[in-house]
Amino acid sequence: PAKEFVNIKLPETDTYLIKLIDETGRLVFNEVIDNNFVNIKLSSFISGNYVISITDNDANISNYKLVIE
């Protein structure tokens with residue numbers, strides 16, 4: 001579980017779309033990054049289960065579960 005921040009390190013420097021989706025399916029974070037690292041501050045999100053969705057330039061999508069305390 002995460003409390004303050006979540007750090008995402010990606011395999012290579014590229015352009016990625018990072019989404020954070022809450023358990024109701026609502027998009028609560030949406031950012032395009034053009035490097036291989038992002039730090040998301042979690043203080044504005046309520047505790048619960050989320051999905052981090054990462055889409056690369058080739059439209060490959062990876063989803064990861066995140067629990068915020």
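Reader: In which strand does Ser53 lie?
Author: This is a predicted model, in which local features need pLDDT of at least 70 and side-chain atom pairs count only at pLDDT 80 or more, while totals for chains, interfaces and linings use all residues. Residues are numbered from 1 along each chain as its sequence is written, and side-chain values use heavy atoms, with hydrogens and water left out. Helices (H or I, at least four residues) and strands (E, at least two) are DSSP runs, numbered from the N terminus. In these terms, Ser53 lies in strand E5 (residues 48-55).

Reader: Is Ser53 buried or exposed?
Author: A residue is buried under 20% relative accessible area, exposed over 50% and partly exposed in between, as judged with a 1.4 Å probe and protein chains only. Because the relative accessibility of Ser53 is 9%, this residue counts as buried.

Reader: With which side chain does the side chain of Ser53 make a polar contact?
Author: Contact means heavy atoms within 4.5 Å, and, not counting residues up to four places away in sequence, Ser53 touches several residues, including Leu17, Ile18, Ile61 and Asn63. At 3.0 Å, the side-chain partner of Ser53 is Asn63.

Reader: How far is the C-alpha atom of Arg26 from that of Val6?
Author: Arg26 has its place in the loop between E2 and E3, and its relative accessible area of 52% makes it exposed. Leaving aside neighbours within four places in sequence, Arg26 is in contact with Leu20 and Ile21. Val6 is 20 residues from Arg26 along the chain, and their C-alpha atoms are separated by 19 Å.

Reader: What separates the C-alpha atoms of Asn36 and Glu12?
Author: Asn36 is found in the loop between strand E3 (27-33) and strand E4 (37-41). Its contacts, apart from neighbours within four places in sequence, include Ile8, Leu10 and Glu12. Although Asn36 and Glu12 are 24 residues apart along the chain, the separation of their C-alpha atoms is 5.5 Å.

Reader: What is the value of phi for Ala59?
Author: Ala59 belongs to the loop between E5 and strand E6 (61-68), and it counts as exposed because its relative accessibility is 54%. Its phi is positive in a residue other than glycine, with a value near 70 degrees.

Reader: What radius of gyration does the chain have?
Author: The chain holds zero helices and six strands, and its C-alpha atoms fill a box of roughly 30 × 20 × 15 Å along the principal axes. The radius of gyration is taken over C-alpha atoms, and the globule rule is 2.2 Å times the number of residues to the power 0.38. For 69 residues a compact globule would therefore come near 11 Å, which agrees with the value for the chain, 12 Å.

Notes:
A polar contact is a pair of N or O atoms within 3.5 Å; within protein, one must be able to donate a hydrogen and the other to accept it, and residues adjacent in sequence count only if both atoms are side-chain atoms.
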